[in-house]
Amino acid sequence: MRAPIAVLCVFLVIFCQEAFCSFSPPSSKSREYYAKFKKIIAAKSKPLVTLQANGLKQDGRVFYPIGYGADPTGAKDSSAAILNALADAFKVSSGLELLRGVHDLGGAVIDLQGASYKIDHPIRLPAQGGGNVVIKSGSLRASSLFPGNRHLIEIWSPSSQNTVGFYYEDITFHDILFDSSFRGGGIYVIDSVRIRIDNCFFIHFSTQGIVVERGHETLVSNTFLGQYLTVGGDKREKSFTGTGIKLASNDNVITDVVIFSAAIGLAISGQANMITGVHCYNKATYWGGIGILVDLPGNSQTRIDNCYLDYNAIVLKDPVQVHVSNVYFLGDGNIVLKSVKGQISGLNIVDNMFTGNAKANAPIVKLDGVFSNIDQVVVDRNTVNGMALKSTIGKSTIKGNGTKWTTDFSQVLLFPNKINHVQYSFYVRGRSGIPAHAVTNVTGNFVTVESDKAVDGVVSVEVDQYNRGGEISLYN
């Protein structure tokens, strides 16, 4: 680095000298240094056409598909060239292993060099597997010949069909645009661990932008996905199809992701996944869209935190151990609990914000079907504007002069005819004395308190629908 810096300094000195002597023509010496400076800069830059002409395939552990014959203009198919570059990269072994049987490739890099490549065939990583590889900086665009049921990049080994194991580890994709041209999807990952997809852009997929099956610990971050390029209010919205991200795998993290057009933003059918900072405006609920679908009935184990559901919903099928918090729901976006076998257990929906159309009065949490097996459910501390509040906790204060005070919690409580605990206080106004009083009826989410004589009373009642596993309400 010293030589270029020295030349740059000399050039700057000459430039300053000529600035002070601007009334005299530039000296031949300055022109000589300037010519040398341009030659150095030209030598340091490697135009794509030069790399292709010179056939530079590899520089250390960095591999250039253009050197293998890939067309950086996107006019011709570059599938074979990229596959050949990958094949050579996966042969460069450090002699070490990551997980057992996964060869450490020592930080090999496939550099797409900011070019746009036409892809006729899926780019599948070499079958023998490997890890410690980076693929970066370019655009992959499916051609009209690309098979509609495949993905632009596929990480899977034929061995997955016969044995259970991991074949790829520590593969990183960053700064790549995946344009599926409405033919198939973007990335398909199977039986792999610790895969990173960062700062990528997925468009025009007909199936899925990203699919992860089996394996675990795939991280998707700082990424945008959309079937169509739109910023909302698109006339085609009701026709959006496909899924932004499909997770049929465990222990993955999706963070700081925007899904701007698809029928389903994020579909989860694996366990212990963490979703945070995700903005879904992929397709409005009005048109049948779903922002986040947790589709593992009875065994969900999913955390959704600090997300933004923009005119669409989170749908949870028979949720078991699911946590939803700090989420902003706009445009009647809500949470739908969908019954498959009628089970809900360990569900927390707390500290969220809901904003909607007051005329529609949509519930913030909606039951789709009948649930008969319910325990450990908390829906509380949510703020609501223009929607119907639903909760598993109800509080009410009523006043009256008489012997009976009845409180109706049916509009607030989430589950019908289910009260597990009741607490109340009885305040007598005036000097009429303190009567005998008691709760006399708990039915259909109504609570009745009665006294043995007429008084001017204020009754405050608090109820909840929480019960531990196996605990049975004594009121029903």
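I began with Asp 234, which is buried at a relative accessible area of 16%; buried means under 20%, exposed over 50%, and partly exposed in between, with a 1.4 Å probe and protein chains only. Its partner is Arg 236, and their side chains meet in a salt bridge at 2.8 Å, N to O. For a salt bridge I took a side-chain nitrogen of Lys or Arg within 4 Å of a carboxyl oxygen of Asp or Glu. Arg 236 counts as partly exposed, at 38% relative accessibility.

A word on the source: this is a predicted model, where local features need pLDDT of at least 70, side-chain atom pairs count only at pLDDT 80 or more, and totals for chains, interfaces and linings use all residues. Residues are numbered from 1 along each chain as its sequence is written, and side-chain values use heavy atoms, with hydrogens and water left out.

Next I asked how many salt bridges a search of the whole structure finds. The search returned 14.

I then looked up Asp 179, which forms a salt bridge with Arg 141, with the closest N and O atoms 2.9 Å apart. Asp 179 sits in strand β8 (residues 168-179) and Arg 141 in strand β6 (residues 130-142), so this pair ties together parts 38 residues apart in sequence. Strands here are DSSP runs (E, at least two residues), and helices are too (H or I, at least four), numbered from the N terminus. Asp 179 is buried at 7% relative accessible area, while Arg 141 is partly exposed at 32%.

I also checked Glu 169 and Arg 194, whose side chains meet in a salt bridge (2.9 Å, N to O). Glu 169 is in strand β8 and Arg 194 in the loop between β10 (192-193) and β11 (196-198), so to speak a link between distant parts of the chain, 25 residues apart. Glu 169 is buried, with a relative accessible area of 8%, and Arg 194 is partly exposed at 32%. Glu 217 joins these two in a network of salt bridges.

Last, I turned to the packing. Which residues touch the most other members of the largest nonpolar core? I noted Leu 140, Phe 173, Ile 275, Ile 292 and Ile 335, out of 83 residues in that core. Such a core is a set of buried Ala, Val, Leu, Ile, Met, Phe, Trp, Tyr and Cys residues joined through side-chain atoms within 4.5 Å. Apart from it lies another core of 14 residues, including Phe 409 and Val 428.
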